[in-house]
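Try each task before reading its solution.

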Amino acid sequence: MPFARLATATTPTCHIGLGLAAVGRPGYINLGRERDLPEGRSVEALRARTHELLDAAYAQGVRYFDVARSYGRSEEFLADWLNARPDIDDIVVGSKWGYTYTAGWTTDAEHHEVKDHGLTTYERQRAESDALLGDRLDLYQIHSVTPDSPALTDKDLHARLAEAAAQGLTVGFSTSGPAQADAIRAALAVTVDGEPLFRTVQSTYNVLETSAAPALAEAHDAGLTVIVKEGMANGRLAEPHAPDALRAVAARTSLGTDAVALALVLRMPWAGVVLSGAATTAQLASNLHAAVVDLDEEQLSRLAALVEEPAAYWERRARLPWH
């Protein structure tokens, strides 16, 4: 298992990963990107920003890096960085398939990505990922599985994924939407020749959206590595958007609201890796302080009061504009 590399890491930040959704393409739904990204957002400007982030993350102990076919040129940017650093062999690289990037490097496309969990899409995107990342690709995840996803029932797809697993690739899935727990439990039941197919799950969990927690605990108990995404709720938990209760707790810790928000996730016993979606090195440094935040019971109680109903949370997320 590639994630055994993380188990031997001893840095305080080894359980924090870096996701490149916010810097692999010019448009995304994170709040504040108009301030965070280089003017013009050219391919070369975002390539340089991505490499700057990767350098900073690695230097500060981050060892998991997360990309996807639909994150614009994120795989390409990461591959360029890896190719220039062949001696780096202690990291884990995860990518995702199932969405095709369709925005053409613009911020105002009618559709930024198109979802398809069919076998044909898997084979096409697997070839694309292999062409860029080759044997540096450790983990390949089905992107945003929901309970109605055909990926949960497609036996031909399961057989192809099992073949990839037999060849050494870790196979996982990510989830999104208000029924994440149902999708996780359905995926845990998928087997090939009597053996569980999936070895990792990546789900949204944060101060505002905690509904997947019981299912993620079940996944952890079943032996899956749990990766947590959107711990910052697409910027809703960062300054200046953070709720007052989160600001108050952060003030007590003398750290940012982002560090507190991510610390809440890190303390979950089932959380194997918690992703930072930083778009600047300053944001990354602030995020990494999550590893040293200690929250007491009163602070945890204040944060627990911020939880939203899943349907309301995901409806608001769907309304976030692509900046």
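## Exercise 1: two packed helices

H4 and H5 are roughly parallel to each other, a label that therefore applies to angles under 35 degrees, while over 145 counts as roughly antiparallel, 65 to 115 as roughly perpendicular and the rest as oblique. This is a predicted model, in which local features need pLDDT of at least 70 and side-chain atom pairs count only at pLDDT 80 or more, whereas totals for chains, interfaces and linings use all residues. Residues are numbered from 1 along each chain as its sequence is written, and side-chain values use heavy atoms, with hydrogens and water left out.

Task: At what angle do H4 and H5 pack, and which residues make the contact?

Solution. 
- Step 1. Find the elements: H4 covers residues 74-83 and H5 covers residues 119-133. Helices (H or I, at least four residues) and strands (E, at least two) are DSSP runs, numbered from the N terminus.
- Step 2. Read the geometry: the angle is about 25°, and the axes are 9 Å apart. Axes here are lines fitted to C-alpha atoms, for helices over the stretch in contact, with angles from 0 to 180 degrees between N-to-C directions.
- Step 3. List the contact (heavy atoms within 4.5 Å). H4 supplies Glu75, Glu76, Leu78, Ala79 and Leu82, and H5 supplies Glu128, Ser129, Leu132 and Leu133.

## Exercise 2: aromatic rings

Task: How are the rings of Tyr58 and Trp81 arranged?

Solution. 
- Step 1. Apply the rule: rings of Phe, Tyr and Trp (its six-membered ring) pair if their centres lie within 6.5 Å; planes under 30 degrees apart count as stacked, over 60 as edge-to-face and the rest as tilted. By this rule there are 10 aromatic pairs.
- Step 2. Tyr58 and Trp81 are 6.4 Å centre to centre with 65° between the planes, making the pair edge-to-face.
- Step 3. Check accessibility, where buried means under 20% relative accessible area, exposed over 50% and partly exposed in between (1.4 Å probe, protein chains only). Tyr58 counts as partly exposed at 21%, whereas Trp81 is buried at 1%.
- Step 4. Look around Tyr58: together with Phe65 and Trp81, Tyr58 forms one aromatic cluster. The charged end of Arg63 also sits over the ring of Tyr58, 3.7 Å from its centre. For this label, NZ of Lys or CZ of Arg must be within 6 Å of the ring centre and within 35 degrees of the ring normal.

## Exercise 3: backbone features in loops

Solution. 
- Step 1. Phi of Asp193 is near 55°, and this residue is in the loop between strand E8 (191-192) and strand E9 (195-196). Asp193 is exposed, with a relative accessible area of 79%.
- Step 2. Asn234 has a phi of about 55° and lies in the loop between E11 and H9. Asn234 is buried, with a relative accessible area of 4%.
- Step 3. Pro240 also lies in the loop between strand E11 (225-229) and helix H9 (244-253). The peptide bond from Glu239 to Pro240 is cis, with omega near 5°.
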